Amino acid sequence: MKVIKYLLVGFVFGIVLTKSEAVSWYRIYEMFQFQSFHMYGIIMTAVGTGIIGIQLIKRKNLKDIKGLAIEIQDKEQGSTRYWVGGLFFGFGWALVGSCPGPIFILLGAGFWSVGIVLFGALLGTYLYGVLKDKLPH
Amino acid sequence: MNIIFQTWPWYVSGFLIGMIMLSLIYFGKTFGMSSNLRSLCSMAGLGKRVAFFDFDWKAQRWNLVVVLGAMLGGFVAVQFMSDPSNVAINPKTIAQLAQLGIDAPNGKLMPDALFGPDIFSSPKTILILLIGGVLIGFGTRYAGGCTSGHAITGLSNLQIPSLKAVIGFFIGGLIMAYLLFPLIF
């Protein structure tokens with residue numbers, strides 16, 4: 001059960017992202033052209049659900065599956081890394097229409113050309129690892 | 001059984017994505033897809049050369065299992081739950097894409113012009129996909145997260161850094177869509 005639950009969550013995630021078409025290059029293009037509410041609706045509903053859930057967890061001190069207090073780490077403070085890193089990711093997101101989750105989902109679905117995107121993403125991650133200490137954060 | 005084959009409405013999909021994020025929190029983990037890219041680099045042994053990849057990736061194995069599940073989910077959804085009515089995007093978008101030489105969806109998730117089998121003989125398209133990937137990998141690690149880690153998890157937890165990152169994602173996306181697309185295609 002320990003591992004299966006992660007497989008199951010991932011499985012549902014893969015189905016939802018495919019059936020909502022959030023993995024589709026077309027949907028991302030349409031979103032950036034402001035020609036559909038679909039993607040905005042998905043993101044806003046997900047965040048709305050998340051805000052309610054996390055507030056419940058915090059206010060009721062809910063425990064996790066092991067009975068331990070749930071602690072959600074705050075993101076590190078800062079600005080440059082978020083603005084600049086975000087900008088770079090935005091370029092890539094609009095160009096190839098996928099974020100990291102969909103890259104894997106599309107590969108699983110048999111879109112082999114997305115393998116080039118994955119290879120690029122690993123290369124980009126490596127590049128960040130090499131340059132990390134020279135970049136402003 | 002229309003519900004299986006039709007495009008799932010945004011409010012159903014968004015709610016389920018929120019619940020997926022909350023399930024991982026309940027399991028004592030966090031929802032973040034791009035950190036798997038770092039784990040994969042570490043698995044490949046890059047930790048010997050670059051300190052950033054010298055960490056205990058085995059502690060992140062659960063997340064790689066999520067990825068494996070997501071791949072299976074994508075396979076099942078495309079193979080057994082698809083319908084020609086899918087990806088019914090705005091007709092205006094279709095007309096605009098036609099001007100860029102990009103084919104209409106007609107039920108497909110991805111345009112053949114960018115992801116079809118013919119692209120392996122087009123150096124330009126291969127380069128576009130490769131550069132797009134590099135931007136995604138570099139940008140997500142620099143910003144410390146992607147759509148799942150910042151837009152969904154971070155915003156749900158009311159994190160200002162995540163809001164900055166998400167605004168950055170959109171500014172970058174808009175620059176690409178409006179200024180760079182016409183130069184590339």
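Trainee: Which residues of chain B does UniProt list as "transmembrane region"?

Mentor: The unreviewed UniProt entry lists 6-28, 62-81, 125-144 and 165-184 of chain B. Positions follow the numbering used here, feature names are shortened, and annotations may be inferred rather than shown by experiment. This is a predicted model: local features need pLDDT of at least 70, side-chain atom pairs count only at pLDDT 80 or more, and totals for chains, interfaces and linings use all residues. Residues are numbered from 1 along each chain as its sequence is written, with chains lettered from A and ligands numbered from 1 in the order in which they are written.

Trainee: What makes residues 165-184 of chain B helix or strand?

Mentor: Helices are DSSP runs of H or I with at least four residues, strands are E runs of at least two, and both are numbered from the N terminus. Residues 165-184 of chain B come out 100% helix and 0% strand, with end C-alpha atoms 25 Å apart. For residues 62-81 of chain B it's 95% helix, 0% strand and 27 Å.

Trainee: How many residues of chain B are in contact with chain A?

Mentor: 105 of them, against 101 residues of chain A, where contact means C-beta atoms, placed from the backbone, within 7 Å. H7(B) gives the most to that side of chain B, with 17 residues.

Trainee: And how does H3(A) pass H8(B)?

Mentor: In a right-handed crossing, the term for a near helix turned clockwise from the far one by less than a right angle.

Definitions and conventions. Contact = placed C-beta atoms within 7 Å.
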